[in-house]
Protein chains: 2
Amino acid sequence: MLVQGRHFFQGVAPYTLGHKALAVNLSDLAACGARPVAFSLALALPDLDEVWLSDFSAGLFALADAHNCELVGGDTTRGPLNICITVFGEVPLVDGRTQALLRSGAQPGDDLYVSGTVGDARLALDTIEGRLNVPADVLTAALVRLQTPTPRVALGLALRGVATSAIDISDGLLGDLRHILERSGVGAVVNAEETIKSIAAYTNNTRAGGQSVINLSNRQWRQLALAGGDDYELLFTAAPQRRAAVETASLASKTVVRRIGEITREPGLTVLDAQGQPLAEHYASFDHFA
Amino acid sequence: MLVQGRHFFQGVAPYTLGHKALAVNLSDLAACGARPVAFSLALALPDLDEVWLSDFSAGLFALADAHNCELVGGDTTRGPLNICITVFGEVPLVDGRTQALLRSGAQPGDDLYVSGTVGDARLALDTIEGRLNVPADVLTAALVRLQTPTPRVALGLALRGVATSAIDISDGLLGDLRHILERSGVGAVVNAEETIKSIAAYTNNTRAGGQSVINLSNRQWRQLALAGGDDYELLFTAAPQRRAAVETASLASKTVVRRIGEITREPGLTVLDAQGQPLAEHYASFDHFA
């Protein structure tokens with residue numbers, strides 16, 4: 001359920017809104033290793049704006065069609081703008097066992113991975129809201145991540161039988177990682193230095209031949225990567241013996257993955273700096289009621 | 001998707017709201033002859049009111065448990081109060097054909113039936129909003145219909161293989177009948193006099209030994225029955241040869257049904273008065289965007 005003013009701004013382009021409303025749901029399927037099948041859409045609209053609705057639908061159906069995901073029902077009514085999508089996917093049973101990726105399967109010693117890029121969506125949000133100041137081209141690139149995230153459906157499918165657990169990052173990497181740790185009864189160590197390399201803006205910044213165009217502290221980069229939110233990347237675990245299989249899944253799905261940490265037997269979550277020292281910073285996740 | 005101010009009033013008792021939010025969805029399953037299996041719930045709340053949420057949940061789960069319908073997912077977020085439920089049901093295939101009741105199967109010559117009582121929910125609404133004035137006991141009885149409608153799941157199941165088409169009445173009897181007529185490519189004649197006998201307040205009124213406590217014109221009673229809305233009764237068709245089977249379904253499901261008209265080959269919808277004369281009145285359905 002996406003609510004105006006909370007999940008998107010009034011005046012956001014309806015095409016990208018249509019895309020994102022479905023994308024965040026497909027991302028949930030991706031995290032389960034499920035194949036998208038169908039979705040229902042309930043829409044409360046303040047008024048019947050044909051142009052808005054047409055653009056919204058175009059963005060929605062472009063993504064739906066790309067995933068062979070059919071609209072099978074729903075509702076429209078008048079009310080404060082609210083978009084509620086329920087998505088249906090399928091995962092095979094093999095020998096009576098579901099092939100779904102769950103949050104509960106992480107094992108001590110497993111590698112921890114993240115797909116694609118994280119932190120850029122939050123960089124865009126912070127810039128729009130005036131908390132950060134970045135060049136226009138950096139903002140433009142980051143806005144794509146905020147407004148039209150790519151659900152990692154192909155990667156999720158490729159990770160069936162490879163990953164031991166998975167979740168998609170909506171509220172922030174560490175916050176969503178905690179869901180895996182709780183369900184699996186394990187802890188984790190996360191390498192902050194490695195994780196911030198997943199921020200496209202960071203990588204592009206440090207590539208610029210010594211001339212940084214964005215002046216953020218390491219701590220600010222860590223906040224973006226570890227607690228940014230709205231990334232819709234997959235965070236998953238796999239046994240170290242399966243590194244080649246993870247690489248194969250990454251290639252098959254044309255999705256970059258990065259190893260950023262390790263699952264531990266002892267509970268708790270430790271974030272290490274470049275020197276391998278634990279960081280005591282607090283990383284706040286997106287709170288749906290804050 | 002139920003929106004405050006549109007589908008319910010601010011300040012409505014959360015227990016009855018929880019009941020109704022699920023009931024209107026189960027009513028859709030009933031109209032398909034489907035057995036409820038599960039539902040998802042997305043909830044936008046202006047704030048976290050534990051007492052409200054506890055009462056809402058109690059009403060919701062009392063009905064869910066009565067139908068063995070399990071909550072399997074959903075979402076909560078902050079926003080203008082909005083309740084979005086997606087319900088899942090199942091209908092068997094027999095010899096490769098679905099047993100689902102559809103809107104498209106009505107045949108010329110079929111009888112037209114309505115279940116339970118219609119018009120009372122609208123009587124309550126009109127009274128609350130000051131358009132009608134009825135005694136307190138009449139309002140109390142009618143409010144039960146408005147606030148805690150009974151989804152006709154058992155009747156829907158019993159009508160599999162008996163009814164040729166079905167729909168549930170949410171926006172008004174005639175308006176919803178039009179959906180059957182359009183999908184089936186037929187017309188209908190509706191007996192207004194017979195239909196208003198389905199209003200509990202009307203029946204109780206005329207039973208009161210000649211001393212009417214509610215002074216409505218026949219036209220007003222017709223408006224309540226034919227265009228009231230919020231009834232969540234089943235409107236269905238069946239061949240005249242199946243009258244005994246309809247009676248059996250009614251008994252098996254402990255749900256009163258009333259024969260109120262007939263399907264015709266020629267398109268269009270005719271409402272007849274007690275003398276069999278066509279009425280030229282306009283019956284406006286609930287418009288989700290009015």
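**From one serine outward**

Reply: Let's begin with Ser198(B), which sits in the loop between helix H7 (192-196) and helix H8 (200-207) of chain B; helices (H or I, at least four residues) and strands (E, at least two) are DSSP runs, numbered from the N terminus. Before we go on, please keep in mind that this is a predicted model, where local features need pLDDT of at least 70 and side-chain atom pairs count only at pLDDT 80 or more, while totals for chains, interfaces and linings use all residues. Residues are numbered from 1 along each chain as its sequence is written, chains are lettered from A and ligands numbered from 1 in the order in which they are written, and side-chain values use heavy atoms, with hydrogens and water left out.

Is Ser198(B) buried or exposed? Its relative accessible area is 2%, so Ser198(B) counts as buried (buried is under 20%, exposed over 50%, and partly exposed in between, with a 1.4 Å probe and protein chains only). Leaving aside residues up to four places away in sequence, Ser198(B) touches Val114(B), Gly116(B), Thr117(B), Val118(B), Asp120(B) and Arg258(B); a contact here means heavy atoms within 4.5 Å.

Now follow the chain past H8. Ile214(B) belongs to the loop between H8 and helix H9 (218-227) of chain B. With a relative accessibility of 4%, Ile214(B) is therefore buried. Among the residues that Ile214(B) touches, not counting those up to four places away in sequence, are Val134(B), Pro135(B) and Val138(B), along with Ala201(B), Asn205(B) and Trp221(B). For a sense of distance, the C-alpha atom of Ile214(B) is separated by 15 Å from that of Ala121(B), a residue 93 places away along the chain.

Tyr232(B) has a phi near 55 degrees, a positive value in a residue other than glycine.

Glu233(B) brings us to charged pairs. What does its side chain meet? Glu233(B) and Arg145(B) come together in a salt bridge, 3.0 Å from N to O. This pair ties distant parts of the chain together: Arg145(B) lies in helix H4 (residues 136-147) of chain B, and Glu233(B) lies in the loop between H9 and strand E10 (234-238), 88 residues apart. A salt bridge is a side-chain nitrogen of Lys or Arg within 4 Å of a carboxyl oxygen of Asp or Glu. Arg145(B) and Glu233(B) are each buried.

Asp126(B) and Arg131(B) join their side chains in a salt bridge of 2.6 Å, N to O. Asp126(B) has a relative accessible area of 9% and is therefore buried, whereas Arg131(B), at 48%, is partly exposed. Over all chains, the structure holds 18 salt bridges.

Arg145(A) is in helix H4 (residues 136-147) of chain A, while Glu233(A) is in the loop between helix H9 (218-227) and strand E10 (234-238), so the pair links parts of the chain 88 residues apart. Both of these residues, Arg145(A) and Glu233(A), are buried. Salt bridges also connect Arg122(A), Asp126(A), Glu129(A) and Arg131(A) into a network. As for H9(A), its buried residues are Trp221(A), Arg222(A), Leu224(A), Ala225(A), Leu226(A) and Ala227(A). Just after H9(A), Gly229(A) has a positive phi of about 85 degrees.

Let's finish back on chain B, with two exposed residues. Lys254(B) is in the loop between helix H10 (243-252) and strand E11 (257-264), and its phi is near 50 degrees, a positive value in a residue other than glycine. Its relative accessible area is 77%, so Lys254(B) is exposed. Glu182(B), in helix H6 (residues 173-184) of chain B, is exposed as well, with a relative accessible area of 62%. The C-alpha atoms of Glu182(B) and Gly268(B) are separated by 9.2 Å, although the two are 86 residues apart along the chain.
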